[in-house]
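Open your viewer and switch to a cartoon view. We will go from the sheet to the helices and then to some side chains.

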Amino acid sequence: MRIAIYPGSFDPITNGHLDIINRASKLFDLLIVGVLINPDKKGVFNESERVELIKRSVKSIPNVEVESFSGLLINFMKNKNSKVIIKGLRALSDFEYEFQMALMNNKLDPSIETLFMMTSTQYSYLSSSSVKQVAAFGGCIKDLVPDEVIPDIIKKFKK
Ligand code: PNS
């Protein structure tokens with residue numbers, strides 16, 4: 001069985017993430033969305049909220065699972081029997097960071113491959129942090145995140 005991992009912070013999931021999940025799920029038997037739990041970098045949404053928002057967004061895609069992990073990505077991948085990391089690229093500015101991570105992961109475990117998928121053009125401007133800024137100042141987040149999670153995001157920023 002070909003299993004790929006799509007890792008990230010997903011604080012919160014955006015339509016850009018969902019686009020990559022949709023497309024990558026067609027290329028593998030199983031796609032596992034790995035939500036990084038980083039105790040040093042507290043996000044707006046906690047671990048279980050992030051996982052829950054993604055699960056709700058992918059419920060119509062049968063071969064996608066969502067799990068959180070901490071520590072090294074390659075150790076999570078070993079546990080899941082996966083050799084392939086999926087990453088989305090939006091712009092040239094993503095490249096340097098992603099290139100460095102891909103090389104480091106390959107150095108730590110040479111059997112790991114990172115596959116990059118180009119974003120669909122309509123999502124090239126989207127990021128979790130821009131969604132949070134828009135939501136924090138009461139802007140419209142429709143079309144930026146999956147419809148199913150809009151109320152949760154609005155609620156989170158309502159004081
Ligand atoms: O959505 P993000 O924040 O760009 O995702 C980054 C992520 C989670 C893919 C990356 O930080 C990661 O894999 N962290 C786990 C720690 C690790 O394995 N580090 C070694 C590679 S440098």
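Two strands count as paired if DSSP finds at least two bridges between them; helices (H or I, at least four residues) and strands (E, at least two) are DSSP runs, numbered from the N terminus. Select Ile3 and look across to E2, where its bridge partner is Leu30. Now widen the selection to strand E1 (residues 3-8) and strand E2 (residues 30-36), which pair in the parallel sense over 6 bridges.

Before going on, note that this is a predicted model, in which local features need pLDDT of at least 70 and side-chain atom pairs count only at pLDDT 80 or more, while totals for chains, interfaces and linings use all residues. Residues are numbered from 1 along each chain as its sequence is written, and side-chain values use heavy atoms, with hydrogens and water left out.

**The sheet**

Next, select the 5 strands of the open sheet, in the order E3-E2-E1-E4-E5 with parallel pairing. Strand E3 (64-69) and strand E5 (113-118) are the edges, each pairing on one side only. From one strand to the next, the twist averages 30 degrees.

**Helices on the sheet**

Axes are lines fitted to C-alpha atoms, for helices over the stretch in contact, and angles run from 0 to 180 degrees between N-to-C directions. Helix H4 also packs on the sheet, touching E4 and E5, and its direction makes about 175 degrees with that of E4.

**Along H4**

Stay on H4 and pick Glu98. Is Glu98 buried or exposed? Glu98 is buried, at a relative accessible area of 9% (buried is under 20%, exposed over 50%, partly exposed in between, with a 1.4 Å probe and protein chains only). Leaving aside residues up to four places away in sequence, Glu98 touches Lys87, Leu89 and Phe116.

Now show Phe95 and Phe99, both in helix H4 (residues 92-108) and 4 residues apart, about one turn of the helix. Phe95 is partly exposed at 39%, and Phe99 is partly exposed at 42%.

**A last stop**

Finish at Ser129 in helix H5 (residues 128-136).

Terms used. Contact = heavy atoms within 4.5 Å.
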